[in-house]
Amino acid sequence: MTETPNHELALRMAELARLVASPRRVEEVLSDVTAEVLRLIPGADAAGFLFLGKGGRFESVAGTSELPHRLDQLQMTFHEGPCLQAAVDDLIVRTDDFRTEERWPRYSAAAVEIGVLSGVSFKLYTSEQTAGALNLFALRPNAFDGQAETIGAVLAAHAAAAIMASRETEQLESALSTRDRIGQAKGIIMERYDVDDVAAFEMLRRLSQDSNTKLIDIAQKVIETRGT
């Protein structure tokens, strides 16, 4: 039986979901997503991710070519563009023809100059520290339609899931590391001052409070002075 386009799409999405759930580096997952963009959205000639941090910091990653990085740099230079708007504001930002685009005049003119005529960007996720967007670009006008928007939105959701999973893992690892260092510091204090677990922790807590220093930093100092 011949597979329908929707059936093939469902299979690819299922495979991508499996890859996202597997224990892999976020950078690898993001590269898989942008590669899938080119496979699943025929109008896309290039794709990549733009992440924005506090203080105007930006990171252009997982580009399928150098083109997304060049376009991201232009947007940061001009402080305007569809990827920026999607990252910090709208869920989906689409331009059918940059030659007639009026929302970002300087960026649009620069994009046309390097041969990019249409694009669509998808808000990836936001947090207090970071905003992001999945960005698709085409060398011809009117390259993206409603179906492209639907597929792109699903791919962006997969990427967001991978990022959130990675952040949760990092937070868990950080929490375990913090717990281990505090436990190590308590052990040192118990041995040094012949006190029990509760008293050792209370000494750490009091030092933290009196010096206005994080508990984990106090614990680290105790560990570092163990041999002194």
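**Close-ups of a predicted model**

**View 1. The whole chain at a glance.** Buried residues (under 20% relative accessible area with a 1.4 Å probe, protein chains only; exposed is over 50%, partly exposed in between) make up 41% of the 228 residues in the protein chain. This is a predicted model, where local features need pLDDT of at least 70 and side-chain atom pairs count only at pLDDT 80 or more, while totals for chains, interfaces and linings use all residues. Residues are numbered from 1 along each chain as its sequence is written, and side-chain values use heavy atoms, with hydrogens and water left out. The chain has eight helices and five strands, which are DSSP runs (H or I, at least four residues, for helices; E, at least two, for strands) numbered from the N terminus. In sequence order they read α-α-β-β-α-α-β-α-β-β-α-α-α. Among contacts (heavy atoms within 4.5 Å) with a separation of 6 or more, 57% join residues 24 or more positions apart.

**View 2. The largest nonpolar core.** A nonpolar core here is a set of buried Ala, Val, Leu, Ile, Met, Phe, Trp, Tyr and Cys residues joined through side-chain atoms within 4.5 Å. The largest one has 29 residues, and Leu30, Ile41, Phe49, Leu134, Leu136 and Phe144 have the most contacts inside it. At least two residues each come from α2 (26-40), β1 (46-53), β4 (118-126), β5 (130-138) and α6 (146-193). Helix α6 gives the most, with eight residues. Another core, of 21 residues, lies apart from it and includes Met76, Trp104, Ala133 and Phe137.

**View 3. Helix α7 against helix α8.** Helices α7 (residues 197-211) and α8 (residues 215-224) pack at an angle of about 115°, with axes 9 Å apart. Those axes are lines fitted to C-alpha atoms over the stretch in contact, and angles run from 0 to 180 degrees between N-to-C directions. On the α7 side you'll find Phe201, Leu204, Arg205, Leu207, Ser208 and Ser211, which meet Leu215, Ile218, Ala219 and Val222 in α8.

**View 4. Two Asn residues with positive phi.** Asn142 sits in the loop between β5 and α6, and has a positive phi of about 55° although it is not a glycine. Asn212 is in the loop between α7 and α8; its phi is also positive, near 55°. Asn212 counts as exposed because its relative accessibility is 74%.
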